[in-house]
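These are my notebook entries on one structure. I record what I looked up, in the order in which I looked.

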Protein chains: 2
Amino acid sequence: MEASAAVESSATVAAFEVSRRPDTGKLVLNSPSPPSLREELVGVVGKAFRPRAAGGGRPPRCAWALTALQCVFPVLTWGRTYTLKSFRSDVMAGLTLASLGIPQSIGYANLAKLDPQYGLYTSVVPPLIYAVMGTSREIAIGPVAVVSLLLSSMIQNVVDPATDPATYRSLVFTVTFLAGVFQVSFGLFRLGFLVDFLSHAAIVGFMAGAAIVIGLQQLKGLLGLSHFTNSTDIVSVIKAVCSALHDPWHPGNFLIGCSFLIFILTTRFIGRRYKKLFWLSAISPLVSVILSTVAVYATRADKHGVKIIQKVHAGLNPSSAKQIHLNGPHTAECAKIAIICAVIALTEAIAVGRSFASIRGYKLDGNKEMLAMGFSNVAGSLSSCYVATGSFSRTAVNFSAGARSTMSNIIMSITVFITLELFMKFLYYTPMAVLASIILSALPGLIDIKEACTIWKVDKMDFVTCLGAFVGVLFGSVEIGLAVAIGISFAKIIIQSLRPQVEVLGRLQGTNIFCSIRQYPVACRTPTVLTIRIDTSFMCFISATYIKERIIGWVREEVEMSNGKARERIQAVVLDMSSVVNIDTSGLTALEEIHKELVSLGIQMAISGPGLNAVQKMKVSRVVDRIGEDWIFLTVGEAVEACLTEHKGTALEC
Amino acid sequence: MEASAAVESSATVAAFEVSRRPDTGKLVLNSPSPPSLREELVGVVGKAFRPRAAGGGRPPRCAWALTALQCVFPVLTWGRTYTLKSFRSDVMAGLTLASLGIPQSIGYANLAKLDPQYGLYTSVVPPLIYAVMGTSREIAIGPVAVVSLLLSSMIQNVVDPATDPATYRSLVFTVTFLAGVFQVSFGLFRLGFLVDFLSHAAIVGFMAGAAIVIGLQQLKGLLGLSHFTNSTDIVSVIKAVCSALHDPWHPGNFLIGCSFLIFILTTRFIGRRYKKLFWLSAISPLVSVILSTVAVYATRADKHGVKIIQKVHAGLNPSSAKQIHLNGPHTAECAKIAIICAVIALTEAIAVGRSFASIRGYKLDGNKEMLAMGFSNVAGSLSSCYVATGSFSRTAVNFSAGARSTMSNIIMSITVFITLELFMKFLYYTPMAVLASIILSALPGLIDIKEACTIWKVDKMDFVTCLGAFVGVLFGSVEIGLAVAIGISFAKIIIQSLRPQVEVLGRLQGTNIFCSIRQYPVACRTPTVLTIRIDTSFMCFISATYIKERIIGWVREEVEMSNGKARERIQAVVLDMSSVVNIDTSGLTALEEIHKELVSLGIQMAISGPGLNAVQKMKVSRVVDRIGEDWIFLTVGEAVEACLTEHKGTALEC
């Protein structure tokens, strides 16, 4: 097959070089045949499972096994050139990271409706696994706000964490395990494109909505409320707050929460203003926890209505393998929740990783990231962790603190481990309000109003996606927001395919360039030849009828307008198919029908520059034979010239 | 806005005409701004509700009201020029149509699990309404096999027609009413594109599957079985037949069915061979009914196990308005069934109408057809009819019999009406087996093996759609088949958008034509300039990352390959965006990131020929400013030339 194509093409080369004025039409028809479906599939599968060297270049000559190992564990690549200087930087970054990570983890565990230690557990195991498997150097792994919210809002529809915490926890671990398995399989089957299904605009809207929902959830801790709604939509929360305010509440909680929120925000402002003081914003949450705990302990404010954590459990992650139930009554629901969490977690991690990788100038391998995140979560689910991913705020701190490699994640993990072993009992008196203020302080980073404005300015349809996600999360639920965003995004693609642009082309005076007369009003239409460009890369069932009717409509209009004036009458129609890469049977039928219609009107039809697959299918389906091989051209210019020559010939005959 | 655009463009014209060598880059950036979302919406709505003259041309000068009336009732247009000669042709066609339509209607009513008279009712009212509103001249309206199967297979999941025929009937009328309402609203809101959602390949597969399922259902009548399955999938039916064959059965039914099936098929064969005898095949079903009825009556075969119709009810359509329940317990299910029936009925009618319109050389208005079909069904549902649409087999007979206008439908309707009034009691002794043989004889027309072979040859993915629909209908149910077909069709579009082609271009020697070196191996790559074409009309979130990584990957490979050899090193990358009509924020970000990456590698980036919307968005999002206005060109040739000149300049400086 390939040999014959090569012979054909070399024959074409010869023919081409001999003749002075190249017969480019022949070139179009003699182009090599595109790979068949089988060849393409083999190619895709082969590519997916062929290990590549970590650098992305050609594999080195050392053993295949080492290459494969290096491919799975990038630590083997960077570890060999790791220096003491880098290590010192990583230790500093890791400690800074831990000082921010510990209070955030406790807060997010609270958001996920789990006891505080589970947040810390999640900051121990997943970072270690990621450190040896991940390709990003700056990303900080651990619990994050949006995934914590997702987990709690969806799992509490199955089991109430307040009445049955043990079952709730077991569902959390099952979901974490399944999410890890999904992520691993996305990585193995090269489904990296799945994270692209959430467009940038959708993420902006979704994150902003989620941030507001998370903020509203913190009202419970900030106001020290005992009764609160389980719903996450804004209407239910405001109702719950209003009704709770009628009960007696303790302003002490509010006072603590607000003062530390102001403290954290002030330090962040200072950190932004004076780059050297950025560590101030990194350690301020830890300082807040320590100060507030000491204050409560000293004043025994918990006896006066200030809510404190109380439930603390020291020691390293216990095993949770027995709490994972893969054949329980809720497995189907768990799988559904897991796939949503898996995709959201990956989307966040890859977005964070890519943005920092592009600052440092290296490339992130999406599929390897998925594998690393997946194994982190599988390992996490077996050791009492919930879904971990890359955090926006902590990754930024890690980067600013000068992290050189994933070693900083290891340092952080060790620090959290020491905290779990030694300092857990001090958390007993930590007020809930300070946790709320730590979570609240992390939220502004999730709301990107500037980006939303840019989206509005640049692309109104994208803004609709963004707004849909935002409103869906805020007034519906997290899942509704996601569904709306994905629905609008895909509808956009379908609409674009449904009504492709079909443009009348004109010639730029003095050149052989044909371009849309709508886009370039200086272009002049060629008399007696109507040149039309089909602006879709896939002329398929969904658009074929529209394209056909549009073209036939124009031709009829032109014919009617020139009624009687034989000189101005259209003699030929040139279809510029240079954008059409592929075509399906409906598209081919439409072409045939256009041809039939034009023939019935006594008009010649010519086609220029169809793509490889389109040419092949036109040949196989005999559309080329019907139109005539002589009427397929490489460029619009040639087609128009041929039509004009032909017309002159017939005009003379008349 | 428009004024300023006009000023701009006229300024461009001036600038363009003065300079000899046109600065086409300016042209790209100064192209008029595309219509805004608001303008586009206004345009679409305005277009949808502006009445057009029936001929598709400019509206005549007579009163607007008459135009609007003519628009809704095409009979007012063709009626004025209707001649006696046409009427004679139509009477002949109408009578032929009735002779085929009466037995088919009774058979299809049986397939829809209704009493025989309901099929005849459906051949009276809808054709009358269609005759004054429809735009097709040949289409024959009435019950059809696929819609009858759809109705019975879906409604019997709600109510069993054997145990509760009254409720079943009321659901049928409700579904018919709702289907009519849906069709009318599709027509009003110009949703004609909905019928395009079922691709040609999907219809071929679906029809073939439905034909086999209908054929299997006829085994009940053909074998005279009393107990039969309600499922339509092939496995259940074969099981039911096998278990029924163990009970005593009467070969008389089988004998009658087979002999008349052979008779009908023979006459059809003769009709195909000798075009003048086509009427033989048209009247053979009626002849079969008469002959078999007389034979059964004469031999009293019904006493020996031959199943006969028995239930007959003479007289014109009774009103069924009271049987339509829009707020009953099953309304939601009825609406679901109605929308499926509405779309399938329209797809069939428009496919039939279009193919015959294209033979006669006139254009069918999809939206008007929808209105006409919708009103036919609404009126039908009020007069004891079930969902009617255009039938493949009867339309072909109508066409062959020389129908000139929808008058033939009126003649047929009157004939059926007379039958209902006078001859119904003769149907008492008609054997069920002959109805089965009439339905069976109509099925081969639905199975288009030749077309399936063509689809396989031309487009493998389309064949997968076809096969999916076929297998889905055969082994699942009609709905599953439809869902599979639509799912695969849309997945095809998404996959095409997900992995667009990105091609390296080369120059055809001696010309300024750049084309894909994969498609045209004779094209030569320009040294030091890498030219890449992005082959997608919508560079959006789903493909942006892929395109970016593909381009950056190539550039890096090239840079690595030329390592050390400064002369061969790439100096510039030209992105040919002539296929890119539209772009969204993700696409813009990808462009920016490509630019950033190229800058970091010391490579110049140039863009050529982006579409109107793409240019606009690139300007608004300041991507143009970042790339530099001087690096946007109209054609690849200009871009490459500019890059080469620039490179020579720097090379000299070095």
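Is B:R622 buried, exposed or partly exposed? I find B:R622 partly exposed, because 13 other C-beta atoms lie within 10 Å. By the rule I use, a residue is buried if 20 or more other C-beta atoms lie within 10 Å of its own, exposed if 12 or fewer, and partly exposed in between, with C-beta atoms placed from the backbone. B:R622 sits in the loop between α25 and α26 (623–627) of chain B. Its phi is positive, about 65 degrees, although B:R622 is not a glycine.

**Basis of the entries.** The model is a predicted one: local features need pLDDT of at least 70, side-chain atom pairs count only at pLDDT 80 or more, and totals for chains, interfaces and linings use all residues. Residues are numbered from 1 along each chain as its sequence is written, and chains are lettered from A and ligands numbered from 1 in the order in which they are written.

**Chain A overall.** I looked up the secondary structure of chain A and noted 28 helices and ten strands. Helices (H or I, at least four residues) and strands (E, at least two) are DSSP runs, numbered from the N terminus. The C-alpha trace of chain A spans about 110 × 65 × 55 Å along its principal axes. Of the 654 residues in chain A, 52% are buried. I also noted that 80% of the contacts in chain A with a separation of 6 or more are between residues 24 or more positions apart; a contact requires C-beta atoms, placed from the backbone, within 7 Å.

**The two copies.** I superposed chain B on chain A by a rotation of 180 degrees with 0.0 Å of shift along its axis, at an RMSD of 0.1 Å. The two copies are therefore related as by a two-fold rotation axis.

**The interface.** I find 68 residues of chain B in contact with 69 residues of chain A. On the side of chain B that touches chain A, the elements that each supply at least two residues include α1 (2–18), α11 (200–223) and α22 (478–498). The residues of this side of chain B divide into 30 nonpolar, 27 polar and eleven charged. Here Ala, Val, Leu, Ile, Met, Phe, Trp, Tyr, Cys and Pro count as nonpolar, Asp, Glu, Lys and Arg as charged, and the others, Gly among them, as polar. Because 99% of the interface residues of chain B are also interface residues in chain A, the copies meet through the same surface.

**The sheet in chain A.** Next I traced an open sheet of six strands in chain A, with the order β4-β3-β5-β7-β9-β10 and mixed pairing. β4 and β10 (632–633) stand at the edges with a single partner strand each, so one side of each has no neighbour in the sheet. Strands pair if DSSP finds at least two bridges between them.

- β3(A) (residues 501–507) is mostly covered, with six of its seven residues buried.
- β3(A) pairs with β5(A) (residues 529–535) in the antiparallel sense over four bridges, and A:V504 has A:I532 as its bridge partner in β5(A).
- β3(A) pairs with β4(A) (residues 514–516) in the antiparallel sense over three bridges, and A:R507 has A:F514 as its bridge partner in β4(A).
- β7(A) (residues 572–576) and β9(A) (residues 604–608) run parallel, joined by five bridges.

The hairpin of β3(A) and β4(A) has six residues between the strands, and A:G510 there takes a positive phi near 80 degrees. A:T528 lies in the loop between β4 and β5 of chain A. Although A:T528 is not a glycine, its phi is positive, about 65 degrees. A:T528 counts as buried, because 20 C-beta neighbours lie inside 10 Å.

**The core.** Which residues touch the most other members of the largest nonpolar core? Of its 372 residues, I find that A:C341 and B:C341 do. Such a core is a set of buried Ala, Val, Leu, Ile, Met, Phe, Trp, Tyr and Cys residues joined through C-beta atoms within 7 Å. Helix α16 (residues 331–360) of chain A gives the most to this core, with 15 residues.

**B:V640.** My last entry concerns B:V640, in helix α27 (residues 636–653) of chain B. B:V640 is buried, with 25 other C-beta atoms within 10 Å. Leaving out residues up to four places away in sequence, B:V640 touches B:T526, B:V529, B:T531 and B:V574.

Technical notes: Least-squares fit on C-alpha atoms with pLDDT ≥ 70 in both. Contact = placed C-beta atoms within 7 Å.
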